[in-house]
Amino acid sequence: MPEITILKRPREEAVITQRMFFKKTARGKVMKVLRERYLRDDISCGVNGCRACNSTAQTVLPRSGDTTHKLFPTGHYILPDTNVFLAQMDLIESSYFTTPIIVLQTVMEEVRHRSLPLYSRLKALTTTDEQKVWVFYNEFRSETAIVREEGETPNDRNDRGIRKAAQWYNAHLTLAHPPIRGQPNVALSKVVLLTDDFANRQKAVNEKVPCISVRDYVEGMKNSDQLLDLLSATGSDELEPTRAVAGRTALYTDYLSMSTLLAGVKAGQLHQGHFNANQYNYLEGTVPVPAFTKHVLLVGRENMNRAVQGDVVVVEVFNESEWKAPTDEVIDQEATLKNDDAEDSEEEGDDLLVHEHESKALRAERTKKPPAEKQPTGRVVGVIKRNWRAYVCHIDSTSLTSSNFTSLGLQTVFATPVSRLLPRIRLRTRQAPSLIGNKILVTIDRWDITSRYPEGHFVRALGKAESKEAEQESLLLEFEVPYRPFGKAILDCLPPEGERWVVPPKSAGDPEWRDRADLRDLIICSIDPPGCQDIDDALHARRLANGNIEAGVHIADVSHFVHPDTAMDNEAAARGTTVYLVDKRIDMLPALLGTNLCSLRPHVERLAFSVIWELTEGAEIVNVRFTKSVIASKAAFEYGEAQLRKDDPKLNDELTQGIRLLNSLAQKLKAKRMAAGALNLASPEVKIHLDSSESSDPVDVEQKALHETNSLVEEFMLLANTSVARQIQESFPQTAVLRRHLPPPHTNFDKLQDILQKRKGLKLDVSSSGALAGSLDECIDPKEPAFNTLVRIMATRCMLSAEYFNSGSVSRDTFGHYGLASPIYTHFTSPIRRYADVLAHRQLAAAIGYTPLHPSLHSKMHVERIMEVVNRRHRMAQMAGRASVEFYVGLALKGRNEREREVIEDAFVIRTFRNGLGVFVSKLGLEGLVMFKRDTQFDAENYTITVPSSDTGRPDVTISVFDKVTVKIEVEKDKNTQRGRVKMTLVSPVDSSAL
């Protein structure tokens, strides 16, 4: 029997190997936590050919490091501290930044604690093939592990740990490359501490640790010209402020401390919410808060206090006597600030001039308004969380002086974001002349109280403005759509057979067929939009012997291929949804699944998840069953094709009978929904005709045609989603993935109700969804059939957005879907393109006993976190799709302008301003502004504007909301987006070109 030796750790070592800290529980109790850490001396340094480390250990760092830097010609590696990654990630990620990097465990943990998005980027950096990055676990290496000393702050402890690791590395490299007798000593590579913390650098110098600031380091690199533009203003303590900022008096008030903000919100004296900028008036914003039914209004720069679209802010609400009504005037940032200078814009004279312009604009639009239109008004007193990110912009050419137009020296310019909801960003760059006319990416770094504008840094150029490639990428970046190619780890999750994968022949022992219903003989078909490749649903219907009808919805069994907690699953969860642009699709899953193995193509056996009902002739559900299945679709129709087949009296085959049976049931199901109070809302949808299937050049735009078969598919998808929602909620009441649509506050409809009453004498009842549906049906203008659709579009904009949620996180009485008048709902029918549906599939499979539920879907916190991501991705995908349509509509109109010289269309007035009209062209699904430069008579209470007649001697013309007008549509270059912008002028009842 071998001898066993038990080694007892000396008591003095416990100080280093044990970590003690205090943790506050959810109930407010303080708990002492003691954790053991096991120290080792075999953790590799990561340098190739290191003799002091284990020869079998993995290495990624080159033997001599980087030898191209001016200050370190013998070779070096950099070891950045935490703040470098927090402030300079764009620099570190640049393809020009090629120095081998050592990332310490201490730094990784601190970045994770400070910023999860940056931590994700840092993790991705450690796995990329483009850069040499080594993660060193300094907290577990015996020579580099430290403990916090008495009176030492956590930050100082981490800084000391980083310096100790750098010191150890330099000593370790001398052991790794000992001098060889008889040969001259070779200068060794250094490990250089990279930090912008001046105090940390001083301590490093005292401890003989090589160190340097980020700016000094970048200036010595071979690609310094490109890299210097990537420096973040917040990260560099040596960056001089612009003349505009230095020595200026404060324009804004300082934010309250975080503790004061949180205490004020808790006490109800302050209010927290997301800041929303006004797209028509850059001097106004709103913040929705729970304490008020109307949003808190912020008027003027001082009261918005440096808030940027999407920031989580804290506001102080003024006394009710100071409350104001929203703007009635379009105030454009470009027009008001067109002469502002990027470098000198805070000079006293310019400051007063701009302040006077802005004050005049604010005074002009504050007329006497009814008290009912006033809303809570306040000011921002602090920011809880910034929403700053990389924004798509262009360099404002007017901010370059004539002398600087060819200069490659450092100059300060304005970057104008594509989004009108964002302020101009002050930028310092050496590349300004070469960036004119390009789309670029810019990140905001800081916004000082002395500066009218935020300051940022250049990230990269996207390409020439108006080029399709640059426009497409800028659109994806603007709406934060992940569009990187699927990596090897993700593609490795696909079936190894690739496109040759088929459903195996049926056999009792085959896992593919386990507990699956064989539905291959059913007459099943799919009905989809034109050109659909990712077919994720198919249907069937047939009469039963008892006189009832069997109807089935068959959904692609995506969860068979996408397993929980794999690289492909994690990527799908991060993407959340497939994004549909006019000429491109950004897939949630690799194309092999989306358009092949999971797509329910005709005449091919496919795995499916089926929901099958027995219904009466009156569409009453007798029973429902859920089963995994194998199907073989008999046909794939477009909506129009299925409609023609249904309507053709000569056709009476089983497939056509099935479509007619489905249609008959769908009509009855819809009638029941409408009777229960479901809303029939509308949104402007258009179809863009491209030159050819290979070309992405648009040639025309028209409204999408809706067929009866659209409604057929919609009704059965709704029925499947509702049936699945009930099943998974019953089986997993704490973690079911559901979707809800909360009832909108009645105050959301105040303006629309008032307009309908005053302009048309119509009443809009919003007491319930049923009452709203009924009154929308009555909003009819016999002379104008399109009027009802317009009202429905405007009513849709008063609604709240539907959202995914975890059933255990909200009360049962808030589960309902207001628009569908359904007490419970989920998304199950599109797992190829929506991640929420994949989760619903997994929960349903567990509910019917097919597979056990993955532990992650038993965790409320995990499901909540996924729902938060999926909701955000869903919103962004919708906005990206609309922006893509808008861009292509502009291109199509530009082509029509060239062919027809003038594009004239009918439009409806949907909003009146003191200096313009908001109009909607229903044929093109296009909304635009008609602006007047001459004085007009504006009646805010009656939603009218009176403008001088274009004909001399004719009386003035009064235009009101809902009036039908004729507009001329032109395409001109937008100063913000640098792409074609639709410009509208009135043709009738008055020619506004002279106004």
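These legends walk through several close-up views of one predicted model.

Residues are numbered from 1 along each chain as its sequence is written, and side-chain values use heavy atoms, with hydrogens and water left out. Since the model is predicted, local features need pLDDT of at least 70 and side-chain atom pairs count only at pLDDT 80 or more, while totals for chains, interfaces and linings use all residues.

View 1. Helices (H or I, at least four residues) and strands (E, at least two) are DSSP runs, numbered from the N terminus. Of the chain's 995 residues, 52% count as buried. Buried means under 20% relative accessible area, exposed means over 50%, and partly exposed is in between (1.4 Å probe, protein chains only). Take the contacts between residues at least 6 apart in sequence: 67% of them join residues at least 24 apart. A contact here means heavy atoms within 4.5 Å.

**View 2. Five strands close into a barrel.** Two strands pair if DSSP finds at least two bridges between them. From one strand to the next, the twist averages 50°. Angles like this run from 0 to 180 degrees between N-to-C directions, and axes are lines fitted to C-alpha atoms, for helices over the stretch in contact. Strand E16 (residues 425-429) runs parallel to E18, joined by two bridges; look for Leu427, whose bridge partner in E18 is Gly456. Helix H15 (residues 468-478) lies across strand E14 (390-395), E17 and E18, at about 145° to E18.

**View 3. Tyr252 and Trp447 form an edge-to-face aromatic pair.** Their centres are 6.0 Å apart and their planes are at 80°. Tyr252 sits in the loop between helix H9 (224-228) and helix H10 (258-267), and Trp447 in the loop between strand E17 (438-446) and strand E18 (455-464), so the pair ties together parts that are 195 residues apart in sequence. Both Tyr252 and Trp447 are buried. The rule is that rings of Phe, Tyr and Trp (its six-membered ring) pair if their centres lie within 6.5 Å; planes under 30 degrees apart count as stacked, over 60 as edge-to-face and the rest as tilted. By this rule there are 14 aromatic pairs. Elsewhere, ring pairs link Phe136, Trp168 and Tyr169 into a cluster.

**View 4. Two arginines sit over aromatic rings.** Arg301 lies over the face of Tyr453, 5.7 Å from the ring centre. Arg424 has its charged end over the ring of Phe414, 4.2 Å from the centre. To qualify, NZ of Lys or CZ of Arg must be within 6 Å of the ring centre and within 35 degrees of the ring normal.

**View 5. Helices H21 and H25 pack at an angle of about 65°.** The axes of H21 and helix H25 (residues 835-847) are 9 Å apart. On the H21 side, the contact is made by Val724, Gln727, Ile728 and Ser731; on the H25 side, by Ala840, Gln843, Leu844 and Ala847. Helix H21 (residues 708-731) also holds Glu730, which counts as exposed at 63% relative accessibility. Between Glu730 and Ala847, the C-alpha to C-alpha distance is 8.7 Å, although they are 117 residues apart in sequence.

**View 6. Strand E30 pairs with strand E31 in the antiparallel sense.** Four bridges join E30 to E31 (residues 803-806), and Val737 has Asn806 as its bridge partner in E31. Which residues point one way from strand E30 (residues 737-740), and which the other way? Val737 and Arg739 go one way, Leu738 and Arg740 the other, and all are buried. In a regular strand the side chains alternate between the two faces of the sheet.

**View 7. Three strands make an open sheet with antiparallel pairing.** The order is E35-E36-E37. Strand E35 (937-939) and strand E37 (957-960) are at the edges with a single partner strand each, so one side of each is left without a neighbour in the sheet. On average, neighbouring strands of this sheet are turned by 20° against each other, direction ignored. Strand E36 (residues 944-947) and E37 are joined by four bridges, and Thr946 has Thr958 of E37 as its bridge partner.
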